[in-house]
Amino acid sequence: MSKPTYVQDYQAIVEVLNKYKEGCKQADSSIMKPAFSEQATMFSVDAEGKLTGGGIQNLFDGIDTAFQPSPEAQGAIVRVDIVGTAASARIDTNDVSGFCFTDFFHLLKVEGKWTIVSKIFHTHVAP
């Protein structure tokens with residue numbers, strides 16, 4: 001078995017992140033669930049400056065209940081940093097159900113597969 005290259009790892013991470021972006025645009029958590037570890041977490045800071053979040057199921061519930069399909073939404077993977085079997089990434093997304101997001105992800109490569117283990121986000125109203 002050949003050792004994966006940085007380019008192969010980068011491409012695999014982009015595929016994982018694209019599942020997240022597509023799930024947001026279509027307001028369908030089933031599209032993004034395969035990108036996340038079952039133990040993944042999600043956190044943000046609320047308007048009062050307090051840490052909020054917890055298990056990733058909160059994201060899936062929010063997508064399925066509060067989001068509407070947003071075919072006009074645009075998202076860009078701004079950065080991917082890879083060190084061995086760990087990676088971090090940033091996605092900026094505009095106009096998903098009337099909001100803009102900056103998402104920071106931590107990923108791990110487990111048994112040869114990249115998966116999101118945490119998501120930290122900042123949300124603001126779309127212009």
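View 1. T41 sits opposite G55 of strand β2. In this predicted model, local features need pLDDT of at least 70 and side-chain atom pairs count only at pLDDT 80 or more, while totals for chains, interfaces and linings use all residues. Residue numbers start from 1 along each chain as its sequence is written, and side-chain values use heavy atoms, with hydrogens and water left out. Strands β1 (residues 36–45) and β2 (residues 51–55) pair antiparallel through five bridges; pairing takes at least two DSSP bridges between two strands. Helices (H or I, at least four residues) and strands (E, at least two) are DSSP runs, numbered from the N terminus. The two strands make a hairpin with five residues between them, and G49 in the turn has a positive phi of about 85 degrees.

**View 2. The β5–β6 pair.** Strand β5 (residues 99–110) runs antiparallel to β6 (residues 113–125), with twelve bridges joining them. Here L108 has T115 of β6 as its bridge partner.

View 3. Six strands line up as β2-β1-β6-β5-β4-β3, with mixed pairing. β2 and β3 (74–83) stand at the edges with a single partner strand each, so one side of each has no neighbour in the sheet. From one strand to the next, the twist averages 15 degrees; angles run from 0 to 180 degrees between N-to-C directions, using axes fitted to C-alpha atoms, for helices over the stretch in contact.

**View 4. Helices on the sheet.** Helix α1 (residues 6–26) packs on the sheet and touches β1, β3, β4 (86–96), β5 and β6, its direction making about 145 degrees with that of β3. Contact means heavy atoms within 4.5 Å. Helix α3 (residues 57–66) lies across β1, β2 and β6, at about 95 degrees to β2.
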